[in-house]
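Thank you all for coming. I would like to take you through one structure, and I ask you to keep it in view while I talk.

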Amino acid sequence: MISMWIDSIKKRTSTRTYDQRPLESSIKREILDYLNSTTGPFGAKVKFYLVNIEDSSNKKLGTYGVIKSAKNFIAAVTEKKEPRSLEQLGYVLEKGILYATSLGLGTCWLAGTFKRQEFINTIELKEEEELPVITPIGYPRDKRSVVDSFMRFAAGSNNRKDFKELFFEGSWNNEVNQKDKKYIQALEMLRLAPSASNKQPWRVLVDNEKFHFYLARNKGYGEGLGYDVQKIDIGIAMCHFELTMQELGFKGKWKEDNPKKDKESCEYIISFIIE
């Protein structure tokens with residue numbers, strides 16, 4: 001499929017209401033195998049577990065009513081002290097989510113709206129590990145629940161920042177010239193990436209054939225979670241960008257390039273450099 005990733009990015013939405021149709025065992029294995037064999041841009045390890053909440057031992061598992069009728073959840077686990085583990089998790093899980101989208105499945109990133117300790121107990125999390133996020137996975141129901149519709153409205157899921165608020169060229173004072181540049185579609189697919197509470201904390205500074213990624217942190221956001229959820233958002237954005245660039249025919253690599261173009265309230269993360 002020539003445009004699999006771009007198609008999946010455009011189709012992906014946060015699915016909170018699921019059909020009663022069970023997920024086939026072959027699909028479960030395919031998704032889990034895909035996730036566990038996917039490598040991201042960093043060296044950090046990410047492990048994935050498929051949890052069925054209908055198992056007798058999992059009756060306390062839940063999402064505080066946010067997710068309706070989902071029977072299966074993917075739990076993503078990293079090591080607490082491993083560098084770049086959250087960016088890696090964001091990248092790898094989003095790639096798996098886009099793959100699941102291509103198979104007609106629904107998913108939804110969950111960071112704070114699930115019973116974390118019960119999931120931790122179920123997967124027997126080790127002391128040095130952490131469980132930052134999970135996602136339900138299954139067949140979407142045609143009609144959204146009332147809670148689903150409210151959550152989408154509250155998060156502003158259909159709203160995205162303008163292109164000119166996110167992407168800059170040469171300096172932080174210049175908008176990206178969108179004419180006659182093939183890579184513009186990659187930035188647009190990045191703009192469509194999901195993020196916690198739809199904060200969209202990514203900023204990209206284009207410098208010739210280098211794309212410098214920054215985190216525009218929302219002060220105080222996510223402090224109660226115990227980990228930096230917006231680092232996961234950056235990994236998701238990186239995934240959308242790189243997969244689209246590859247599909248457009250660009251070859252490149254991720255590198256800490258130290259562009260020396262600081263911006264107040266923005267933290268430099270990494271650069272994508274066209275080869």
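What you see is a predicted model, in which local features need pLDDT of at least 70 and side-chain atom pairs count only at pLDDT 80 or more, while totals for chains, interfaces and linings use all residues. Residues are numbered from 1 along each chain as its sequence is written, and side-chain values use heavy atoms, with hydrogens and water left out.

Let me begin with the salt bridges, each being a side-chain nitrogen of Lys or Arg within 4 Å of a carboxyl oxygen of Asp or Glu; by this rule there are 11 of them. Arg84 forms one with Glu87, where the closest N and O atoms are 3.3 Å apart, and another with Glu256, at 2.9 Å. Because Arg84 lies in the loop between β2 (72-79) and α3 (85-102), and Glu256 in the loop between β8 (252-255) and β9 (266-274), this second pair ties together parts that are 172 residues apart in sequence. Helices here are DSSP runs of H or I with at least four residues, and strands are runs of E with at least two, numbered from the N terminus. For accessibility, buried means under 20% relative accessible area, exposed over 50%, and partly exposed in between, with a 1.4 Å probe and protein chains only. Glu87 is buried at 4%, whereas Glu256 is exposed at 55%.

Next, Lys231 forms a salt bridge with Glu267, their closest N and O atoms being 3.9 Å apart. That pair links distant parts of the chain, with Lys231 in helix α8 (residues 229-247) and Glu267 in strand β9, 36 residues apart.

How much of α8 is buried? Of its 19 residues, 17 are buried, so that the helix is mostly covered. Just after α8, Gly249 takes a positive phi of about 100 degrees.

Finally, a nonpolar core is a set of buried Ala, Val, Leu, Ile, Met, Phe, Trp, Tyr and Cys residues joined through side-chain atoms within 4.5 Å. The largest has 64 residues, and those with the most contacts inside it include Phe211 and Phe241. Its largest share, 10 residues, comes from α8. Apart from this core lies another, of 18 residues, among them Tyr18 and Phe73.
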